[in-house]
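Today I went looking for charged pairs.

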Amino acid sequence: MVVEALLGQALSNAPLVAANGVYDSSGMGGSYVCDFYFKQFGTMIEQIAGRPDADLNGHPAYRFWFVRKADRKVHGNAELGIDTWNGKVWSITLDGADLMQLYDAAGRNARLLTARLLAG
């Protein structure tokens, strides 16, 4: 889903950027949860409280990815938020929608699904 979003916009006037729910410096200055992304999508912030034993480095925020326009500031303004483990998506109009149901509704066409999600 994240890859489709990036591919679909790579040559447009407003290319997209993918960002993980954790800024991980790999020991080069500290890591932190990008709560500014989570907070912009209603119930999404509640999703990072959960199974820490099953998540990378013990933090559920690693399983979330965000897609934002490259010309927007880094701290916020994401177009989409995606829970890669549970197959949920958040946007301005969606609040934890089931990606598989949306994919089926788009005729199982990832590019069409991506276009619909990014259109709002």
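My notes on the salt bridges follow.

Entry 1. I'm working with a predicted model. Counting nitrogen-to-carboxyl-oxygen contacts within 4 Å, I get four salt bridges. I wrote up some of them below.

Entry 2. I looked up K39 and found D35 as its salt-bridge partner, with 3.4 Å between the closest N and O atoms. How exposed is K39? I get a relative accessible area of 57% for K39, so I call it exposed, as the cut-off is over 50%. D35 comes out at 31% relative accessibility, which makes it partly exposed.

Entry 3. Next was R63, which forms a salt bridge with D83; their closest N and O atoms are 3.6 Å apart. Where do the two sit in the chain? R63 is in the loop between α2 (35–38) and β4 (64–69), while D83 belongs to strand β5 (residues 78–83). That is 20 residues apart, so I noted the pair as a link between distant parts of the chain. Are these two buried or exposed? I have both R63 and D83 down as buried.

Entry 4. Last, I checked K88 and D98, whose side chains meet in a salt bridge at 3.9 Å, N to O. K88 lies in strand β6 (residues 88–90) and D98 in strand β7 (residues 95–98), so this pair ties together parts 10 residues apart in sequence. K88 is partly exposed at 26% relative accessibility. D98 is also listed as partly exposed, with a relative accessible area of 26%.

How values were computed:
Residues numbered from 1 in each chain as written. Predicted model: local features only at pLDDT ≥ 70, side-chain atom pairs only at ≥ 80, totals over all residues. Heavy atoms only, no water. Buried < 20%, exposed > 50% of the residue type's maximum accessible area, 1.4 Å probe, protein only. Helix = DSSP H or I, 4+ residues; strand = E, 2+ residues; numbered from the N terminus.
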